[in-house]
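Please work through the following exercises with the structure at hand. Each task is followed by a worked solution.

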Amino acid sequence: MKKRFVTTLTALIACIACVIGLVACGGGTADPVAGKTYVFEKVEITKGATGMVKDEAENQMNRLYAGSEIEFGQSNEFTMSVLGNSATGTYQQNGATLTLTAEDGDQTAKVKGDYVTLSMTESSISMTMYYKLQGGNTDNDNDNDNDNDNNNENEDNTNSAESVAGKTYAFKDLYFQFDSSVDQAFKDQMNATLEIMKSAYVGSVISFNENGGFSMTVNGETITGTYVQNGTSVTATPDSETSFAPQTFKISENQLSIEMTIDTGTGLHIVYEIAE
């Protein structure tokens, strides 16, 4: 797991260099970006990492990019700051497409509503960075991609769940899920550890308070921190003095679950159920 995460993070660091250097990586209409400043909001890994590895890598990247900005001048010049470094150059906007040109090359970005997004791939890791208009309102996003946008909006509307605030979830089950690339010998080996792993989680509970804090007990150890719920997802971030990484849980009716990538084609699912 550690080796895979280090590999993932190394590839993402290369993506940072790609953005700072603005080397090449990688229709519609949109409002002009001239005279506006866009502030980094988040990064999403879209390919090359899943489960806990994805969550940890995104968390690291969000910390690294915190405070990053892109300032667009009125005369087609821009300045981009990342990790205390600045890149300057010129830009051209063609509808919803932005081309940023610096000494090291070009970077293509997309403009939609109050966002400028940059997508790139490095060492099989693909990610998208979201920069939001300073003082902007996401409710005014353009809907120029029609069918795709409408589908995404419909999906967002269905991704709702009751608040976890004030609720406690108790451990219910733990199981592996394998895809077709995993051989039977490895499946047998992993499944042989199931009962041992389950015994470690017996009695484990997660409690969410009304003030954005959580407490989780696992194998006699207590972890505390804060949580944020976004529809059917709950991201629990442990206190900084712990060595545990943030975890994202999925809510489905009265259950809370998390998926961790153990190896290629192998996922570990841990399920909690609301305590009566």
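This is a predicted model: local features need pLDDT of at least 70, side-chain atom pairs count only at pLDDT 80 or more; totals for chains, interfaces and linings use all residues.

Residues are numbered from 1 along each chain as its sequence is written, and side-chain values use heavy atoms, without hydrogens and water.

**Exercise 1.** Determine how strand β11 is paired with β10 and with β12.

*Solution.* Strands are DSSP runs of E of at least two residues, numbered from the N terminus; two of them pair if DSSP finds at least two bridges between them.
1. β10 (residues 205-208) and β11 (residues 213-218) run antiparallel, joined by 4 bridges; Val 205 stands opposite Thr 217.
2. In this hairpin, 4 residues lie between the strands, and Gly 212 has a positive phi near 85°.
3. β11 is also antiparallel to β12 (residues 221-230), through 6 bridges; Ser 215 has Thr 224 as its bridge partner.
4. Here 2 residues separate the strands, and Asn 219 in the turn takes a positive phi of about 50°.

**Exercise 2.** Identify the residues of the largest nonpolar core that touch the most other members.

*Solution.* Such a core is a set of buried (under 20% relative accessible area, 1.4 Å probe, protein chains only) Ala, Val, Leu, Ile, Met, Phe, Trp, Tyr and Cys residues joined through side-chain atoms within 4.5 Å.
1. Among its 27 residues, they are Phe 208, Leu 256, Ile 270 and Tyr 272.
2. Strand β9 (residues 168-178) supplies the largest share of this core, 4 residues.
3. A separate core of 23 residues includes Met 80 and Leu 100.

**Exercise 3.** Locate Gly 67.

*Solution.* 
1. Gly 67 lies in the loop between α2 (51-65) and β2 (69-72).
2. Its C-alpha atom is 8.1 Å from that of Ser 81, 14 residues apart along the chain.

Methods: Buried means under 20% relative accessible area, exposed over 50%, partly exposed in between (1.4 Å probe, protein chains only).
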